[in-house]
Amino acid sequence: MARNATAAKAKASSNAPQFTKDQELQAFREMLLIRRFEEKAGQMYGMGLIGGFCHLYIGQEAVVTGITMASRKGEDAQITGYRDHGHMLVMGLDPKGVMAELTGRQGGLSKGKGGSMHMFSNEHRFYGGNGIVGAQVSLGTGLAFAAKYRGEDTVSLTYFGDGAANQGQVYESFNMAKLWNLPVVYVIENNQYAMGTSLERAAATTDLSQRGLSFGIPGEQVDGMDVRMVLDAAERAIAHARSGKGPYILEMLTYRYRGHSMSDPAKYRSKDEVTTMRAERDPIEQVRKRILENKFATEDELKDIEKDIRAIVTEAADFATNDPEPDASELYTDVLID
(Lines give C-alpha, C1' and ligand atoms only; values in the text may rest on other atoms or scores of the structure.)
Protein backbone atom coordinates (compact mmCIF):
# COMPACT_ATOMS: atom_id res chain seq x y z
CA MET A 1 0.00 0.00 0.00
CA ALA A 2 1.40 3.39 -0.93
CA ARG A 3 1.88 5.76 1.94
CA ASN A 4 0.84 8.98 0.19
CA ALA A 5 -1.40 10.06 3.06
CA THR A 6 1.41 9.71 5.57
CA ALA A 7 3.89 11.48 3.32
CA ALA A 8 1.44 14.35 2.99
CA LYS A 9 1.03 14.52 6.75
CA ALA A 10 4.78 14.68 7.15
CA LYS A 11 5.29 17.70 4.94
CA ALA A 12 7.66 20.29 6.36
CA SER A 13 5.72 22.94 8.22
CA SER A 14 6.04 26.55 7.07
CA ASN A 15 6.10 27.62 10.70
CA ALA A 16 9.00 25.37 11.68
CA PRO A 17 11.25 27.05 14.26
CA GLN A 18 14.62 28.18 12.98
CA PHE A 19 17.73 26.58 14.39
CA THR A 20 20.88 28.43 15.28
CA LYS A 21 24.17 27.42 13.69
CA ASP A 22 25.14 25.42 16.78
CA GLN A 23 21.80 23.61 16.84
CA GLU A 24 21.96 22.68 13.16
CA LEU A 25 25.51 21.38 13.46
CA GLN A 26 24.70 19.46 16.65
CA ALA A 27 21.68 17.83 15.02
CA PHE A 28 23.67 17.01 11.89
CA ARG A 29 26.51 15.40 13.83
CA GLU A 30 24.28 13.37 16.15
CA MET A 31 21.94 12.10 13.45
CA LEU A 32 24.88 11.26 11.20
CA LEU A 33 26.49 9.28 14.02
CA ILE A 34 23.32 7.22 14.39
CA ARG A 35 23.07 6.67 10.62
CA ARG A 36 26.68 5.58 10.12
CA PHE A 37 26.67 3.45 13.27
CA GLU A 38 23.52 1.63 12.18
CA GLU A 39 24.86 1.09 8.68
CA LYS A 40 27.97 -0.49 10.17
CA ALA A 41 25.87 -2.60 12.53
CA GLY A 42 23.89 -3.88 9.57
CA GLN A 43 27.11 -4.72 7.75
CA MET A 44 28.50 -6.57 10.78
CA TYR A 45 25.25 -8.48 11.18
CA GLY A 46 25.55 -9.64 7.59
CA MET A 47 29.11 -10.81 8.32
CA GLY A 48 27.89 -12.92 11.23
CA LEU A 49 29.57 -10.77 13.88
CA ILE A 50 26.24 -9.81 15.46
CA GLY A 51 23.84 -12.57 16.43
CA GLY A 52 20.23 -12.67 17.52
CA PHE A 53 17.92 -9.80 16.72
CA CYS A 54 19.03 -6.44 15.38
CA HIS A 55 16.59 -3.57 14.75
CA LEU A 56 18.06 -0.54 12.98
CA TYR A 57 17.00 3.09 13.47
CA ILE A 58 17.87 4.31 9.96
CA GLY A 59 15.38 6.99 8.90
CA GLN A 60 14.09 7.77 12.39
CA GLU A 61 17.14 9.71 13.62
CA ALA A 62 15.38 13.06 14.02
CA VAL A 63 13.03 11.75 16.71
CA VAL A 64 15.47 10.84 19.48
CA THR A 65 17.87 13.63 18.45
CA GLY A 66 15.29 16.41 18.77
CA ILE A 67 13.79 15.05 21.97
CA THR A 68 17.17 14.64 23.64
CA MET A 69 18.12 18.18 22.62
CA ALA A 70 15.03 19.37 24.52
CA SER A 71 15.76 17.27 27.62
CA ARG A 72 18.20 17.54 30.49
CA LYS A 73 20.97 15.10 29.69
CA GLY A 74 21.99 12.97 32.65
CA GLU A 75 18.85 13.94 34.59
CA ASP A 76 15.77 13.05 32.55
CA ALA A 77 15.29 9.30 32.14
CA GLN A 78 14.79 7.61 28.78
CA ILE A 79 13.42 4.16 28.07
CA THR A 80 12.50 2.51 24.79
CA GLY A 81 11.90 -0.79 23.03
CA TYR A 82 14.40 -2.86 21.09
CA ARG A 83 15.18 -0.27 18.37
CA ASP A 84 17.50 1.40 20.84
CA HIS A 85 21.02 1.97 19.49
CA GLY A 86 20.31 5.55 18.38
CA HIS A 87 18.87 6.52 21.74
CA MET A 88 22.03 5.48 23.54
CA LEU A 89 24.36 7.23 21.13
CA VAL A 90 22.51 10.56 21.39
CA MET A 91 22.40 10.26 25.17
CA GLY A 92 26.19 10.16 25.19
CA LEU A 93 26.93 6.49 25.71
CA ASP A 94 30.23 5.25 24.30
CA PRO A 95 29.79 3.90 20.75
CA LYS A 96 32.41 1.25 21.51
CA GLY A 97 30.32 -0.04 24.41
CA VAL A 98 27.16 -0.07 22.30
CA MET A 99 28.79 -1.93 19.41
CA ALA A 100 30.57 -4.36 21.75
CA GLU A 101 27.23 -5.23 23.29
CA LEU A 102 25.90 -6.01 19.82
CA THR A 103 28.76 -8.45 19.28
CA GLY A 104 28.46 -9.96 22.76
CA ARG A 105 31.82 -8.81 24.12
CA GLN A 106 32.83 -8.11 27.71
CA GLY A 107 33.27 -4.40 27.01
CA GLY A 108 29.62 -4.07 26.06
CA LEU A 109 27.25 -1.90 28.07
CA SER A 110 25.63 -5.00 29.55
CA LYS A 111 28.92 -6.92 29.63
CA GLY A 112 28.03 -8.74 26.43
CA LYS A 113 25.02 -10.50 27.93
CA GLY A 114 22.18 -8.30 26.72
CA GLY A 115 22.81 -7.91 23.03
CA SER A 116 21.03 -5.49 20.75
CA MET A 117 17.69 -5.61 22.54
CA HIS A 118 18.77 -5.26 26.17
CA MET A 119 21.17 -2.45 26.96
CA PHE A 120 21.17 -0.27 30.03
CA SER A 121 23.06 2.58 31.67
CA ASN A 122 22.05 3.84 35.07
CA GLU A 123 24.82 6.44 34.84
CA HIS A 124 23.20 8.03 31.80
CA ARG A 125 19.66 7.29 33.02
CA PHE A 126 18.94 5.03 30.08
CA TYR A 127 16.77 2.08 31.11
CA GLY A 128 16.69 -0.07 28.01
CA GLY A 129 16.33 -1.61 25.38
CA ASN A 130 13.25 -3.76 26.27
CA GLY A 131 12.37 -6.81 24.19
CA ILE A 132 8.71 -7.25 25.14
CA VAL A 133 6.43 -5.09 22.99
CA GLY A 134 4.97 -2.29 25.10
CA ALA A 135 6.68 -3.35 28.34
CA GLN A 136 8.71 -0.16 28.49
CA VAL A 137 5.53 1.93 28.78
CA SER A 138 4.78 0.49 32.21
CA LEU A 139 8.41 0.78 33.25
CA GLY A 140 8.66 4.36 31.98
CA THR A 141 5.55 5.22 33.98
CA GLY A 142 7.26 3.70 37.00
CA LEU A 143 10.31 5.89 36.42
CA ALA A 144 8.01 8.91 36.45
CA PHE A 145 6.36 7.69 39.64
CA ALA A 146 9.77 7.32 41.28
CA ALA A 147 10.72 10.85 40.22
CA LYS A 148 7.56 12.29 41.76
CA TYR A 149 7.82 10.17 44.90
CA ARG A 150 11.41 11.32 45.48
CA GLY A 151 10.67 14.94 44.69
CA GLU A 152 13.01 15.02 41.70
CA ASP A 153 12.61 17.66 39.01
CA THR A 154 12.99 15.11 36.22
CA VAL A 155 10.88 13.71 33.41
CA SER A 156 10.57 10.17 32.06
CA LEU A 157 10.79 10.06 28.25
CA THR A 158 9.05 6.83 27.32
CA TYR A 159 9.25 5.71 23.70
CA PHE A 160 7.15 3.07 21.99
CA GLY A 161 5.99 2.33 18.46
CA ASP A 162 2.73 2.26 16.59
CA GLY A 163 2.75 -1.53 16.93
CA ALA A 164 2.73 -1.25 20.72
CA ALA A 165 0.03 1.42 20.77
CA ASN A 166 -2.74 -1.18 21.01
CA GLN A 167 -1.24 -3.05 23.97
CA GLY A 168 -3.45 -3.15 27.06
CA GLN A 169 -0.69 -2.20 29.49
CA VAL A 170 -0.25 1.08 27.58
CA TYR A 171 -3.70 2.24 28.66
CA GLU A 172 -3.31 0.99 32.21
CA SER A 173 -0.16 3.10 32.32
CA PHE A 174 -1.96 6.11 30.84
CA ASN A 175 -4.62 5.86 33.54
CA MET A 176 -2.12 5.69 36.40
CA ALA A 177 0.04 8.45 34.93
CA LYS A 178 -2.85 10.88 34.71
CA LEU A 179 -4.43 9.81 38.00
CA TRP A 180 -1.23 10.81 39.78
CA ASN A 181 -0.12 13.48 37.26
CA LEU A 182 3.23 11.80 36.75
CA PRO A 183 6.04 13.58 34.86
CA VAL A 184 6.13 11.40 31.78
CA VAL A 185 6.18 12.14 28.05
CA TYR A 186 4.97 9.23 25.94
CA VAL A 187 6.69 9.31 22.56
CA ILE A 188 5.00 7.17 19.92
CA GLU A 189 7.53 6.55 17.16
CA ASN A 190 4.98 5.88 14.41
CA ASN A 191 7.10 4.47 11.60
CA GLN A 192 3.89 3.37 9.84
CA TYR A 193 4.32 -0.40 9.72
CA ALA A 194 4.97 -1.79 13.22
CA MET A 195 6.52 -5.20 12.52
CA GLY A 196 5.10 -5.43 9.02
CA THR A 197 1.46 -4.34 9.01
CA SER A 198 0.42 -0.83 8.06
CA LEU A 199 -1.28 1.26 10.71
CA GLU A 200 -4.51 1.48 8.72
CA ARG A 201 -4.84 -2.32 8.77
CA ALA A 202 -4.02 -2.69 12.45
CA ALA A 203 -5.72 0.22 14.24
CA ALA A 204 -9.35 1.36 14.26
CA THR A 205 -8.23 4.91 15.04
CA THR A 206 -5.00 5.99 13.41
CA ASP A 207 -4.41 9.35 15.12
CA LEU A 208 -2.35 7.89 17.92
CA SER A 209 -1.74 11.29 19.51
CA GLN A 210 -5.37 11.23 20.68
CA ARG A 211 -5.17 7.84 22.40
CA GLY A 212 -4.94 9.51 25.81
CA LEU A 213 -8.05 11.70 25.50
CA SER A 214 -10.27 9.44 27.60
CA PHE A 215 -7.75 9.86 30.43
CA GLY A 216 -7.42 13.60 29.98
CA ILE A 217 -3.92 13.36 28.50
CA PRO A 218 -3.14 15.95 25.80
CA GLY A 219 -1.30 14.90 22.65
CA GLU A 220 -0.16 16.10 19.26
CA GLN A 221 1.13 14.75 15.98
CA VAL A 222 4.60 15.90 14.97
CA ASP A 223 6.62 15.77 11.78
CA GLY A 224 9.16 13.27 13.04
CA MET A 225 11.34 13.68 9.96
CA ASP A 226 12.14 17.32 10.77
CA VAL A 227 14.37 17.66 13.83
CA ARG A 228 13.23 21.27 14.32
CA MET A 229 9.60 20.25 14.68
CA VAL A 230 10.60 17.45 17.04
CA LEU A 231 12.57 19.79 19.31
CA ASP A 232 9.78 22.36 19.31
CA ALA A 233 7.12 19.83 20.31
CA ALA A 234 9.40 18.12 22.83
CA GLU A 235 10.09 21.39 24.61
CA ARG A 236 6.34 21.93 25.08
CA ALA A 237 5.69 18.38 26.20
CA ILE A 238 8.60 18.22 28.63
CA ALA A 239 7.71 21.60 30.15
CA HIS A 240 4.13 20.37 30.62
CA ALA A 241 5.24 17.20 32.39
CA ARG A 242 7.94 18.90 34.48
CA SER A 243 5.54 21.59 35.71
CA GLY A 244 3.32 19.05 37.45
CA LYS A 245 0.53 18.95 34.85
CA GLY A 246 1.02 15.26 34.22
CA PRO A 247 1.65 13.13 31.13
CA TYR A 248 1.77 14.27 27.49
CA ILE A 249 1.69 12.25 24.27
CA LEU A 250 3.81 13.03 21.20
CA GLU A 251 3.09 11.00 18.09
CA MET A 252 6.13 11.26 15.88
CA LEU A 253 5.28 10.60 12.22
CA THR A 254 8.49 8.98 11.07
CA TYR A 255 9.66 6.23 8.74
CA ARG A 256 12.20 3.42 8.85
CA TYR A 257 14.12 2.70 5.67
CA ARG A 258 15.08 -0.86 6.57
CA GLY A 259 12.85 -3.77 7.53
CA HIS A 260 11.52 -4.24 11.04
CA SER A 261 14.65 -6.21 11.86
CA MET A 262 17.62 -7.45 9.86
CA SER A 263 15.68 -10.61 8.98
CA ASP A 264 12.74 -8.67 7.48
CA PRO A 265 12.80 -8.18 3.67
CA ALA A 266 9.97 -5.58 4.01
CA LYS A 267 7.96 -6.90 1.06
CA TYR A 268 4.82 -5.26 2.46
CA ARG A 269 5.80 -1.91 0.89
CA SER A 270 7.13 -0.83 -2.47
CA LYS A 271 10.72 0.12 -3.23
CA ASP A 272 9.41 3.33 -4.79
CA GLU A 273 7.86 4.34 -1.50
CA VAL A 274 11.13 3.97 0.37
CA THR A 275 13.06 5.72 -2.40
CA THR A 276 10.63 8.65 -2.36
CA MET A 277 10.87 9.07 1.41
CA ARG A 278 14.66 9.00 1.25
CA ALA A 279 14.74 11.53 -1.57
CA GLU A 280 12.16 13.97 -0.22
CA ARG A 281 12.02 13.60 3.56
CA ASP A 282 15.39 12.35 4.80
CA PRO A 283 16.04 14.01 8.19
CA ILE A 284 19.80 14.32 7.74
CA GLU A 285 19.66 15.71 4.23
CA GLN A 286 17.17 18.36 5.35
CA VAL A 287 19.68 19.59 7.92
CA ARG A 288 22.59 19.37 5.49
CA LYS A 289 20.68 21.51 2.99
CA ARG A 290 19.84 24.19 5.58
CA ILE A 291 23.43 24.31 6.82
CA LEU A 292 24.71 24.96 3.31
CA GLU A 293 21.96 27.44 2.41
CA ASN A 294 22.57 29.45 5.60
CA LYS A 295 26.36 29.22 5.14
CA PHE A 296 26.75 27.69 8.61
CA ALA A 297 29.42 25.41 7.12
CA THR A 298 30.98 24.60 3.76
CA GLU A 299 30.82 21.32 1.88
CA ASP A 300 34.39 20.61 2.94
CA GLU A 301 33.57 21.26 6.61
CA LEU A 302 30.64 18.88 6.44
CA LYS A 303 32.90 16.29 4.82
CA ASP A 304 35.28 16.73 7.78
CA ILE A 305 32.42 16.00 10.19
CA GLU A 306 31.54 12.95 8.13
CA LYS A 307 35.17 11.82 8.30
CA ASP A 308 35.21 12.22 12.09
CA ILE A 309 31.98 10.24 12.43
CA ARG A 310 33.29 7.43 10.25
CA ALA A 311 36.44 7.27 12.39
CA ILE A 312 34.34 6.94 15.55
CA VAL A 313 32.26 4.16 14.02
CA THR A 314 35.32 2.34 12.67
CA GLU A 315 36.95 2.49 16.11
CA ALA A 316 33.77 1.10 17.66
CA ALA A 317 33.59 -1.73 15.15
CA ASP A 318 37.26 -2.64 15.63
CA PHE A 319 36.83 -2.66 19.39
CA ALA A 320 33.69 -4.78 19.17
CA THR A 321 35.42 -7.26 16.89
CA ASN A 322 38.58 -7.71 18.97
CA ASP A 323 37.31 -7.33 22.54
CA PRO A 324 37.19 -10.69 24.39
CA GLU A 325 33.93 -12.48 25.04
CA PRO A 326 32.71 -12.51 28.66
CA ASP A 327 34.34 -15.03 30.96
CA ALA A 328 32.22 -18.03 31.87
CA SER A 329 32.24 -16.82 35.49
CA GLU A 330 30.06 -13.90 34.37
CA LEU A 331 27.21 -16.22 33.42
CA TYR A 332 25.19 -15.58 36.57
CA THR A 333 26.49 -12.12 37.46
CA ASP A 334 23.75 -9.46 37.62
CA VAL A 335 21.13 -12.15 36.94
CA LEU A 336 18.24 -12.51 39.37
CA ILE A 337 17.63 -16.17 40.16
CA ASP A 338 14.38 -16.92 41.95
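Keep in mind that the model is predicted. The side chain of Lys111 meets that of Asp334 in a salt bridge, at 3.3 Å from N to O. Asp334 sits in the segment after α12 (299-322), while Lys111 is in the loop between α5 (95-102) and α6, so the pair ties together parts that are 223 residues apart in sequence.

How exposed is Asp334, going by its relative accessible area? The value for Asp334 is 65%, which makes this residue exposed.

Now for helix α9, which spans residues 227-242 and holds both Arg236 and Asp232. These two sit 4 residues apart, or about one turn of the helix. They form a salt bridge, and their closest N and O atoms are 2.7 Å apart.

As for accessibility, Arg236 comes out as partly exposed, with a relative accessible area of 38%. Asp232 is partly exposed too, at 25%.

## Other salt bridges

How many salt bridges does the count come to? The total is 20. One of the pairs is Asp94 with Lys96, whose side chains meet at 3.4 Å, N to O. Asp94 has 38% relative accessibility and counts as partly exposed; Lys96, at 23%, also counts as partly exposed. In general terms, side chains of opposite charge can pair when their charged atoms come close.

Then there's a group that goes beyond a single pair. Arg36, Glu39, Glu306 and Arg310 are linked to one another in a network of salt bridges.

## The nonpolar patch

Leaving the charges aside, which residues make the nonpolar surface patch? They are Phe145, Tyr149, Met176, Leu179 and Trp180, and the patch they make covers about 590 Å². Two helices, α6 (135-150) and α7 (168-179), each supply at least two of the patch residues.

Take Leu179 as one of the members. Its place is in helix α7, and Leu179 is exposed, with a relative accessible area of 61%.

Conventions
Residues numbered from 1 in each chain as written. Predicted model: local features only at pLDDT ≥ 70, side-chain atom pairs only at ≥ 80, totals over all residues. Heavy atoms only, no water. Patch = residues over 30% accessible without salt bridge, like charges linked within 9 Å, V, L, I, M, F, W, Y side chains within 5 Å. Areas by Shrake-Rupley, 256 points an atom, 1.4 Å probe, with all protein chains shown as cover. Salt bridge = Lys/Arg side-chain N within 4 Å of Asp/Glu carboxyl O. Buried < 20%, exposed > 50% of the residue type's maximum accessible area, 1.4 Å probe, protein only.
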